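Here is a friendly tour of one chain, written to be read with the model open beside you. Shall we take a look at what sits inside and what sits outside?

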Amino acid sequence: MTQSSKTAVKANILPADKSGALNTLIRITKNLNALADREAMALAQNDLLSFSILQDEKEIVAQQYSRASGEFRINLNNYRGADVGLLDRLESLQKELGEKTKANNDTVAKIYERSKTKTQNALLAAQEIGQNHHIVLRDDAVNENAKTTNSNGNSESGA
């Protein structure tokens, strides 16, 4: 990694001015809220492929959010005189994000429990069938490893 790319990695996400920084944090929080809505839709439709694909996108936005909110917390005193409307909007969006995330996590937990129960039931049913039902081979079933007798009366191995 070059020195310039190391500097780029450490660069601040939030602009220096208060309003710009709050608007950036609001935009990132809105993006996470939109992703949470898309996740909820995928979960409601039991579309786990779409849900899984969203995780990559969410990881990128969540990393941005984490860095931006970390910068915000470090410089919290600088935001004391910021626009109250922007601060209220940010707080509202963060509360909304928390509610959506909790709801999605609850749905994922329910799906997991249902899958776990179905899997356990299927395994128990297979075990019960194996224990209670004897498999009878038909007379015309082919056993490739069985010895057969050729036309000369000699035994031959099928393998």
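## A buried glutamate and its partner

Glu 39 counts as buried, with a relative accessibility of 4%; here buried means under 20% relative accessible area, exposed over 50%, and partly exposed in between (1.4 Å probe, protein chains only). The side chain of Glu 39 meets that of Lys 58 in a salt bridge of 2.9 Å, N to O, where a salt bridge is a side-chain nitrogen of Lys or Arg within 4 Å of a carboxyl oxygen of Asp or Glu. Glu 39 belongs to helix 2 and Lys 58 to helix 3, so this pair ties together parts that are 19 residues apart in sequence. Lys 58 itself is partly exposed, at 28% relative accessible area.

## What you are looking at

This is a predicted model, in which local features need pLDDT of at least 70 and side-chain atom pairs count only at pLDDT 80 or more, while totals for chains, interfaces and linings use all residues. Residues are numbered from 1 along each chain as its sequence is written, and side-chain values use heavy atoms, with hydrogens and water left out.

The chain has four helices and two strands, and from the N terminus on they run α-α-α-α-β-β. Helices (H or I, at least four residues) and strands (E, at least two) are DSSP runs, numbered from the N terminus. Of the 159 residues in the chain, 21% are buried. The chain exposes about 11,900 Å², and carbon and sulfur atoms supply 52% of that area; accessible areas come from the Shrake-Rupley method with a 1.4 Å probe, and for residues only the protein chains shown count as cover.

## The other salt bridges

How many salt bridges does a search of the whole structure find? The search finds five. One of them joins the side chains of Asp 37 and Lys 100 at 2.9 Å, N to O. This pair links distant parts of the chain, with Asp 37 in helix 2 and Lys 100 in helix 4, 63 residues apart. Asp 37 is partly exposed, at 38% relative accessibility.

Asp 106 is partly exposed at 36% relative accessible area, whereas Lys 102 is exposed at 53%. Elsewhere, salt bridges that share partners join Asp 37, Glu 96 and Lys 100 into one network.

## The largest pocket

Now to the largest pocket, which is lined by 16 residues; Ala 36, Glu 39, Lys 58, Leu 97 and Thr 101 lie nearest its centre. Helix 2 (18-44), helix 3 (48-74) and helix 4 (84-132) are the elements that give two or more residues to this lining. Helix 4 supplies the largest share, six residues. On a 1 Å grid over the protein atoms alone, a pocket is an open set of points where a 1.4 Å probe fits, with protein on both sides within 12 Å along at least five of seven lines, and lining residues have an atom within 4 Å of a point.

Asn 46 has a positive phi of about 55 degrees although it is not a glycine. Asn 46 sits in the loop between helix 2 and helix 3, and counts as exposed at 51% relative accessibility.
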